[in-house]
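This report describes a protein model, with attention to its aromatic side chains and its surface. Please consult the sequence and the structure while reading.

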Amino acid sequence: MGEIKKGKSSFINGMLGEADLLPMSSNIATSTVFKIIYGPERKYKVFFLPDPESGALFPPKEIERKHLVDYGTEGGNPSNEKRVDFIGVELPIPLLETGLVIVDTPGVGGLFKAHRDITWRYAPNADAIIFVLDSVEAVISSDEIDFLKDLTTKYNKRVFFVQTKIDNASEELWRGWASRNKQILASHVGMIGKEVLYFPVSAKLKAYADAENDLEDLVDSGYPPLMNFINGYLVPAKEIELAKDTARKLEAVSTQIHCELSAQLSIAKETTISRLAEIEATRRQAVEDFAAWEREYLDPALSEATERLHQRRRTSLDQLDEILNPSGRMLLEFLEGQAEKSGEDISCHAGVIQQDFMEMCGRAIGKVFDNYTSDFTAICDRIVEKLSVKSVSGEIASAMTQGIDVDYRKVDSLSMSASSGFETARNMMFGGLGGMAIASVALNVVSVAFPPLAAFNLVVWAGGLYGATEMKRLATERRKDEALSKLRGLLSEQLSQIRRSVIRQFEDKADDCSKSLNTIIKSAASQAKRNLDARLEDVKGAGARTKEEAIAIADSLDRKLKQLAKAAGMLQSSSTSS
């Protein structure tokens, strides 16, 4: 992961020893995801998103390497107009044969682009994240810091850093940048000391070393320490985590089976008439418990969650309305910040000013969306906890995938009234003549009381100069007022233009969240009903068994429980070992 133009694709090519694996020209920006996996031969396949209207799926398309730019770059596939989900790359190298999958995401920069949403879609499932910086453009930026804060806050992931392009800078420079980046990570992200795994590399030197089998270039490229880290720590750590995850899942299954076997054993050991009567009482109690659970837990939980979600929806809509209000505080404060500029500056740079304002609105809108999503997740987590629902991460994730997509009409300059040099000169002349006339009258009045002042014609000329200067200042102020007025009209129009789209997208997202909440509630009810049915079925089976059959079943279940307890102990030891 990392900002665009940091050399992510070149770095991956160098790491895999394949100089031409992914597009990496300096004027090519990756627009979609590349998934690199093991395969018997190099192969490229394009996987497409479903049809947005019908939901129909499209088969993958195998392509040649020369056509990658047509599907995987901004130049060949602007704004992902071809609806590419990801491009799969198969490669026959030992590193990938271990099961390692490398995912190359688009740059994380760009406020109204899909790149940021694509990157966040893959972050939760990553075992480790390589964050790419470079050695020539700038040290780690505030946008990158904000991204890393969000990443380390939301997901407890292994994050390590690669600084590319060290061949394009002097050793003193790239080492200085590396030191500065580590200081910034320590002070702003909280990564200090040994927590920061940092590898300066040069993909270009690595390519030379691979082509010429040059050991010196290989050492200078910085890749050997990185590959030692990947092979010696990252791959084994992934295998250990995979084994632990499998052990935890098997342990959960083992616990469930143990409960089921225990319940069956308890029923099988009690087959006398008196016990069967107790079993019948248990059956009636189970039915009553289910009804009470629905009444005391399910219905109140649904009511509470629905009300909280409705309130949060209303609050978010009010916040969006404030942001997108043409007469709102955000626009007025932004215009106050532009008042220091001249009218000509405002007019000539209207496109840049417009983009700055829309990006500021985008950040505020994104924050509203993120806060709503966070509250929705908290509501779902509370439901899951109160109703003891099994995993519903799929329903929650499906309601959180929709991003923000806003389009607006861009301008280069404002349409200002014409102001010629002749008009400016004429106004200054009239101002000067007026000033001279006023100064002349004043001088004549004063000279009546003090006759020697009548000879001071310099006062008249000074009055003329002051009048001309004041006339020019007033014209400049009028020009600025006109520019600010037109700018306000333009930005107000843009806010009105995007308001419906943003509100619609939020309503769609809120509707998806409501549907997911209902799915979770239904899942809880269905799960409780299945448990009841299974319990009643066991009771029914117990009543039909003979005493001899019950004893035989009990003995068999007892043996299975002992075997299961032994296996569960081994799984628990595996899942908790370091």
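Predicted model: local features only at pLDDT ≥ 70, side-chain atom pairs only at ≥ 80, totals over all residues.

The rings of F369 and F506 form an edge-to-face aromatic pair, with 5.6 Å from centre to centre and 75° between the planes. F369 belongs to helix α13 (residues 350-387) and F506 to helix α16 (residues 458-544), so the pair ties together parts that are 137 residues apart in sequence.

In the whole structure, a search finds 13 aromatic pairs. One of them joins F48 and Y71: the ring centres are 6.4 Å apart and the planes stand at 75°, so this pair is edge-to-face as well. F48 lies in strand β2 (residues 43-48) and Y71 in helix α2 (residues 68-72), 23 residues apart. F48 is partly exposed, with a relative accessible area of 21%, whereas Y71 is buried, at 11%.

Two lysines lie over the faces of aromatic rings, as listed below.

| Lysine | Ring | Distance to ring centre |
|---|---|---|
| K35 | F86 | 4.2 Å |
| K82 | Y71 | 4.8 Å |

On the surface, I37, V101 and V103 form a nonpolar patch with about 200 Å² of accessible area together. V103 is found in strand β5 (residues 102-104) and is partly exposed, with a relative accessible area of 35%.

As for the whole protein, there are 17 helices and eight strands. Buried residues make up 38% of its 578 residues. The accessible surface comes to about 32,100 Å², and 54% of this belongs to carbon and sulfur atoms.

Definitions and conventions
Residues numbered from 1 in each chain as written. Heavy atoms only, no water. Helix = DSSP H or I, 4+ residues; strand = E, 2+ residues; numbered from the N terminus. Buried < 20%, exposed > 50% of the residue type's maximum accessible area, 1.4 Å probe, protein only. Areas by Shrake-Rupley, 256 points an atom, 1.4 Å probe, with all protein chains shown as cover. Patch = residues over 30% accessible without salt bridge, like charges linked within 9 Å, V, L, I, M, F, W, Y side chains within 5 Å. Salt bridge = Lys/Arg side-chain N within 4 Å of Asp/Glu carboxyl O. Phe/Tyr/Trp six-rings, centres within 6.5 Å; stacked < 30°, edge-to-face > 60°. Lys NZ or Arg CZ within 6 Å of the ring centre and 35° of its normal.
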